[in-house]
Each structure stands twice: as C-alpha cells, then as structure tokens.
Amino acid sequence: MHDDVYHQYARVLDEHWWTANRRQLATWALRAAGIEPGAGLRILELGSGVGVEHDFLAQYGSLTGVEISPVGLGYCKERGYDQLIAADLNDYRPTPSSFDLIVDFHVLYHEWIREPVEVLRHLRAGLAPGGVLLSSEPGFEILRRGHDRSVMGGRRFSLSQHKQLLRDAGFELLKASAFTSLLSPVVLALASYERLRPTAHAASEVAELESSPRLVQAGLRACMAVERQLIRAVPMPFGASVIAVARAH
Ligand SMILES: C[S@@+](CC[C@H](N)C(=O)[O-])C[C@H]1O[C@@H](n2cnc3c(N)ncnc32)[C@H](O)[C@@H]1O
C-alpha cells in the first residue's frame, strides 16, 4: 500500500469505531473456538500493518507478526511489537506446529497476495493439531469502491466464498458471519455513485477512515452494538466485511 495509508492507519485506527467493532466480534468468534484472554497461545498475526491489534491480541498469548512493509514494521516496533518477521506471505513457511492461533485481519484480500488459498494452506502447516484460524476480510464485490483502490484491495469475499476459502485450505468452520451489515445500504450507495462517477486516480489515503463528528461516531458505535446482538443470534448474510473462525483438520 502507499506509505500514506500506513501513516493514516497509525493516526486513526486505534480508537476507531470500526476497529473497536471488529475487536468485539473477534472476541466473540474466539470464544466460539473456546479461546479466552489469558489462554497463553502462540499467535501469528498476518500482515500486522502498523500494529493496531497488538494489545488486543497479546491478551491471548505471545504474538508474532509477519509484515512486508518496512513502514508498517517501523510502527509495529515503536509500539513494542517485538517478535516481527519481515516477509512476504506468499513465500513465508512457518515452522510446523509452531503456532496455536493464526489471525488474518484484512490481509488475504490484498493485491500483494497472489493465491489466498495457497497462502492459507502453507500457514495451516504452521498450526499445532487443532489450531485455530481467525479471519476477517472485506465483503462482497458489489461493495467495491475507491476505498479498495486506496488500500490496494485485489478481491472481496462473499460469505460463502470466504467460508469456501477456509474449507479449501483445510479448515473446519466453527462460526462465520458478515458484519457492518446495517451500514451496507450506505456503502452500496457510495459504491454505486462511484461507479457512475469514477475518478482516474486512487487517493493516497482512505477518506472513509477520517474521523466524523462525535455524535456520528456515537451513533455508529450504537448501531454496531445492535448488530453484534443480531449476529450472536443469527449470522448476517451480507455486509461490508466477513469474519470466520475455523479449526485446522
Ligand atoms: C489492510 S492492511 C491490514 C493491517 C492489519 N492487519 C489491520 O487490520 O489493522 C493489510 C496489511 O497486509 C500487509 N500485506 C499485504 N500483502 C502482504 C504480503 N504478501 N506479505 C506480508 N504482508 C502483506 C500490508 O502491508 C498491510 O500492512
């Protein structure tokens, strides 16, 4: 990704309503796999970006990040992320059975990932028997927009495509749902508008991530809290993102 996007992530993502919601859903998904904070797991975080999930994931055990961007790695180090591997996930081969949990937070969709299923198959070999994969990715091609170009998104996954990807890589699904579903009409309207009025160049930052007025932020957090209650009762079939937790065969 363009360096500006890493700088923007470091500036806005820690406290962002979107990241807060993803963390809550990740907690729910990990609980479904029997994983709670304090589990003492050996965790591999794919594409750790600027390290915004370091503190959240470190609650579950010792964390190792794999990241290709020197800018991202620099930010990760600054915030105390000490076990870092500078590598391309397409070529990275973990030591067999060296991790208990692999976390993919919006990485496999990236243009720099050649074949998500191949990458996941190699990573699965790094999991101990019964190890768990937590994966969250952008949802549904129809929601592709300028945002995707700014972050170099090469693909988006429908709920069934995401589930199939995990199955094809040798995982048994435990839970899966779309999320940011209640906002998807707005995202769809934006995507449709941008298709009608395409711009020639991608912005070097992601406009949607910039902070909105406090009242709007509060409304979005409340909206996501309602959605999480719904997801706990029944998986959402459509949304701007998808999340799944799965166990290695
Ligand atoms: C959208 S960011 C997500 C960052 C972080 N996981 C998060 O959710 O905040 C995608 C990250 O994956 C990294 N990435 C993309 N392709 C990669 C590859 N082939 N090998 C290693 N890292 C990669 C990018 O550099 C970027 O930091």
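**Close-up views of a predicted model**

**View 1. Phenylalanine 56 sits in helix α3, residues 54–58.** Helices here are DSSP runs of H or I with at least four residues, strands are E runs of at least two, and both are numbered from the N terminus. This is a predicted model, in which local features need pLDDT of at least 70, side-chain atom pairs count only at pLDDT 80 or more, and totals for chains, interfaces and linings use all residues. Residues are numbered from 1 along each chain as its sequence is written. Phenylalanine 56 has 18 other C-beta atoms within 10 Å, so it counts as partly exposed (buried means 20 or more such atoms, exposed 12 or fewer, partly exposed in between, with C-beta atoms placed from the backbone). Arginine 23 lies 33 residues away in sequence, yet the C-alpha to C-alpha distance to phenylalanine 56 is 7.4 Å.

**View 2. The largest nonpolar core holds 45 residues.** Such a core joins buried Ala, Val, Leu, Ile, Met, Phe, Trp, Tyr and Cys residues through C-beta atoms within 7 Å. Ile43, Leu101, Ile102, Val103 and Leu134 touch the most other members. Apart from this core lies another, of 13 residues, including Tyr6 and Val151.

**View 3. Stepping back, the protein has 9 helices and 7 strands.** Its C-alpha trace spans about 50 × 40 × 35 Å along the principal axes, and 40% of its 249 residues count as buried.
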